[in-house]
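Dear colleague,

I am passing on the structure we talked about, with some notes on what came out of it. Please keep it open beside this message as you read.

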Amino acid sequence: MPSSNSAHSPAFIDRARKSFGWWLLVAAMVVLSWQLGSIQQQSLLDELEVKGRQELDLYVSHLAGQIEQFSFLPALLGDDQRLRTLLLLPDDRPLREEVNQFLRHVNQITGSLDVYLMDQRGVTIAASNWQDEITFIGRNFAFRPYFKEAMQGRPGRYYALGTTSGRRGYYFSYPVGAKGDTLGVIVVKIQIDTLENDWGSSDTQLLVTDPDGVIFIATQPEWRYRTIRPLGDEGTARVRASRRYPDAELRPISYQTDVTRPSGSVLVTVGEQDGEKYLSLTRDMPKAGWRIHLLVSQAVISPQVVQTRLFAMSTLLLLVTGARLYTARDRRRRERETERRAAMQEALDELEQRVGRRTKDLTEANRLLRQEIEEHEHTRDELIQAAKLAALGQMSAGINHELNQPLAAMRTYADNARTYLARENLEQAAWNLQQISELTGRMAQISGQLKVFSRKASGQRIRVSLRACLDGARRIVMTRVQHVGAELSIELPADDLFVAADPVQLEQVLVNLIGNACDVLQQQPRKHIQVCGEEHDGLVVVTVSDTGPGIAPENLERVFDPFFTTTESGLGLGLSISHTIVQRLGGTLTVDNGHEGGAVFRLVLAAWQDEQADRAAGGGVMLS
């Protein structure tokens, strides 16, 4: 007779098989849910990498621009005769005082950190901080690589902690002296402390490392002067010998590479134990010798990945639950058919609602994400195109606008000369040819000034006669005045007025103002242009008024905007260029409507003072 154990063993085996099958199915669902989340994670990482590379390119461009804007300064200072003379006569105390003042003036205007001059031994003999408590005067920096490179006749670059000030800086050096004979080295140190402050985001971290992997710029202060990888004894000794980071510990941070993606980006973990996970993107700056690391936190995508995995797991669990309910209903169909159908229907309704809600949420999230990406790309393209058009428009249209007037005058003088030659009046013909020659020189000056203006450079302010500038402007625009049929009157005091300005630029402004008045008088019955000049409290005020229709009140604030014009033939650049030139000359240009009608432009410039003449005679460099 079989035992009870043998009788129950087939049922036990059957239950064990079913239990194992369910556990195997649950494991398969977990694996599948995890894989679906991993697929979405890779997709989100790709999108994160695209945005991160755009941000990295932006920061690298910004960083390079901040550094390169000072690269010309050492070479410019290296040609200054006073620096060469001081290197030859280091005991000349008045000259040393003058050079110290000059270097401090340059330092204040350019916004650099320090400017200092070293002799052939590396000893600082003049510096912008000569009066500070911590000064470079008398200190020897011959150990610095930038000094050695400049003494070999090459421009030098270097970045390090200052051994005197303890502040981080980027150094530009340049040899001072005749070709082949280096007398000393001029150094410009710029501040890099603020570069990391320009970058702030809770989702990204920024690191800048040197060739040895030492972090010297970081948005996390505790990472500063540490390394990404251990330097080893040799590397540590090399960095210590350079005295680039005198008191830094140079300990490595916890920086672990998890995965290297096919695109070249790296998934890393930064921090001890449960460190934060980042997507690491790098860019090299070969000229500076730096490597830029952008760490984008993976935490921004983790909630979406978790949601996807939970959604997939929930869906699979609901499907499995439905399948089990369906199997149970089939097994108990005869006893509880109605109850089982209701339970199944309820489960299916719940499943459909959850799937619908989750699907709708994911679809909307993806749509908003795509829309945001498209808007960012469209905005970027528009900005790039606008910048191109503005630059091209200002150069080409501006030159054409300013040279048309001298060309018209040259044409008139040429016709006159041909007529006088035909009459054998050589004296008048020679006079007209002389005017053409002067206008040719003026055109060269105008084109040269426009080129400088397009690069936003500043000219030297000298003693300029207002009467002479008005005479030159009148000769240029007289053809236009006569063509319009207008009357031009100029009222000046008996004594000439002198201003601190650039003569070509001032004449250009006057030509634009008078020419603008000619344009608005073409359809007016009374055509009169009046130019008045007077001096008040150290200021020279020039007013240009006309008898035109005036300026509509809503357009008064837009008159000096680029490309704004109320005439069909105008380019809208003359007044904009004039306004910018006057600002660069340290003056103001305003416009209003006169009491009796017409527009009144008011130009205010500083009158030339005697102390300005003394400074100019002293040979000082005038930076305006």
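Strands E1 and E5 pair in the antiparallel sense over 6 bridges, and in this pairing aspartate 119 stands opposite glycine 184 in E5. Please bear in mind throughout that the model is a predicted one. On E5 there is a further pairing, with E4, which is again antiparallel and runs over 10 bridges; there, serine 173 stands opposite valine 187 in E5. Of the 11 residues of E5, 9 are buried, so this strand is largely enclosed by the rest of the structure.

These pairings belong to an open sheet of 5 strands, which follow one another in the order E2-E1-E5-E4-E3 with antiparallel pairing. Strand E2 (124-127) and strand E3 (156-161) stand at the edges, and because each has a single partner strand, one side of each is left without a neighbour in the sheet. From one strand to the next, the twist averages 25°. At the E2 end, strand E1 (residues 114-119) pairs with E2 in the antiparallel sense over 3 bridges, and methionine 118 has threonine 124 in E2 as its bridge partner.

The helices come next. Helix H4 (residues 93-110) lies across E1, E2 and strand E5 (181-191), and its direction makes an angle of about 55° with E2. In helix H3 (residues 81-88), the residues Arg82, Leu83, Leu86 and Leu87 are buried; seen down the axis of H3, its buried residues fall within an arc of 140°, so they line one face of the helix. The cover over these buried residues of H3 includes helix H2 (73-78) and H4, together with E1, E2, strand E4 (168-178) and E5.

What caps the N-terminal end of H3? It is aspartate 80, with a side-chain oxygen that lies 2.9 Å from the backbone nitrogen of arginine 82. Arginine 82 also forms a salt bridge with aspartate 80, in which the closest N and O atoms are 3.1 Å apart. Arginine 82 has a relative accessible area of 14% and is therefore buried, and aspartate 80, with a relative accessible area of 11%, is buried as well.

As for salt bridges in general, the count comes to 13. One of them joins the side chains of arginine 283 and aspartate 57, at 2.3 Å from N to O. This pair links distant parts of the chain, with arginine 283 in strand E10 (residues 276-285) and aspartate 57 in helix H1 (residues 4-68), 226 residues apart.

Another salt bridge is formed by arginine 480 with aspartate 519, the closest N and O atoms being 2.8 Å apart. This pair, too, links distant parts of the chain: arginine 480 lies in helix H10 (residues 466-484) and aspartate 519 in helix H11 (residues 503-520), 39 residues apart. Arginine 480 is partly exposed, with a relative accessible area of 22%, and aspartate 519 is partly exposed, with a relative accessible area of 31%. Finally, salt bridges that share partners join Asp80, Arg82 and Glu98 into one network.

With best wishes

How values were computed. Residues are numbered from 1 along each chain as its sequence is written. This is a predicted model: local features need pLDDT of at least 70, side-chain atom pairs count only at pLDDT 80 or more; totals for chains, interfaces and linings use all residues. Side-chain values use heavy atoms; hydrogens and water are left out. Two strands pair if DSSP finds at least two bridges between them. Helices (H or I, at least four residues) and strands (E, at least two) are DSSP runs, numbered from the N terminus. Axes are lines fitted to C-alpha atoms, for helices over the stretch in contact, and angles run from 0 to 180 degrees between N-to-C directions. Contact means heavy atoms within 4.5 Å. Buried means under 20% relative accessible area, exposed over 50%, partly exposed in between (1.4 Å probe, protein chains only). The arc is that of the directions from the helix axis to the C-beta atoms. A polar contact is a pair of N or O atoms within 3.5 Å; within protein, one must be able to donate a hydrogen and the other to accept it, and residues adjacent in sequence count only if both atoms are side-chain atoms. A salt bridge is a side-chain nitrogen of Lys or Arg within 4 Å of a carboxyl oxygen of Asp or Glu.
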